[in-house]
Amino acid sequence: AIRIGLLNNGDIENVIISDCIFEDVACSGFKIQATECGSIRNIIMNNIIMRNVSRPIFVTSNFCQMGKFKLDNKDGSKGINGLRFNNIYIDNSNLQNCEGSEGLFIVGTPERRIKNIGLVNLYLISPGRAVAENIPSELGENRPEYYNIGNNPASGIFVRHLDELYMERVEIQSLTEDARKQIVMDDVKNVKGEFSCIKICEDTN
């Protein structure tokens, strides 16, 4: 639906995206990616409705040459810093053929960590159905696509190599039994928020 970055050698900053509806998106709702030398910072996404979007939020930060410019200066401090997702409603109850690759991915690398992510008033309805947890591959310098990461180890949100994560009023509902945890974090520092509001409701009928 909306992609920011991937081929940016310059900086992208101070962007507001609001009042959007995404429906029946096979790839990603918001796809925000730092791969080359530019930084992405201070981006606000507000008042968004998504229905049947496989990966509603897909954020990656690594080094991967995507264009004609060589990555001669790999500055890990210039990556993704300051994304805010506010008032996000995601209904994936009718999502088909996702095979465990659905959900939110916020994935950095040790060399290029993601910083300062906020999720506020986010409601996700997940189809569930996964039978086992997956151990995702490190992104490394591969092309930052979900198939180079693997299936989502979480039924809702997977976060890796991130500094400063704030969550408030985040709710995840699985419609069917799901063996995975709702949220999986790997190497995430300084996590704050109202975690009592993160829950799963399974329909056993």
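Leaving aside neighbours within four places in sequence, valine 59 is in contact (heavy atoms within 4.5 Å) with Ile32, Ile80, Leu83, Phe85, Phe105, Ile106, Val107 and Ile114. The model is predicted, so local features need pLDDT of at least 70 and side-chain atom pairs count only at pLDDT 80 or more, while totals for chains, interfaces and linings use all residues. Residues are numbered from 1 along each chain as its sequence is written, and side-chain values use heavy atoms, with hydrogens and water left out.

Now for the strands, which are DSSP runs of E, at least two residues long, numbered from the N terminus. Pairing takes at least two DSSP bridges between two strands. E2 (residues 12–34) runs parallel to E3 (residues 40–61), and 17 bridges join them; here valine 25 sits opposite valine 53 in E3. E1 (residues 2–5) also runs parallel to E2, through 4 bridges, with arginine 3 facing lysine 31 in E2.

The largest nonpolar core has 37 residues, and Ile32, Val59 and Phe85 touch the most other members. Such a core is a set of buried Ala, Val, Leu, Ile, Met, Phe, Trp, Tyr and Cys residues joined through side-chain atoms within 4.5 Å, where buried means under 20% relative accessible area, exposed over 50% and partly exposed in between (1.4 Å probe, protein chains only).

Back in E3 sits asparagine 47, which is partly exposed at 33% relative accessible area. Its side chain makes a 3.1 Å polar contact with that of asparagine 87; a polar contact pairs N or O atoms within 3.5 Å, and within protein one must be able to donate a hydrogen and the other to accept it, with residues adjacent in sequence counting only if both atoms are side-chain atoms.
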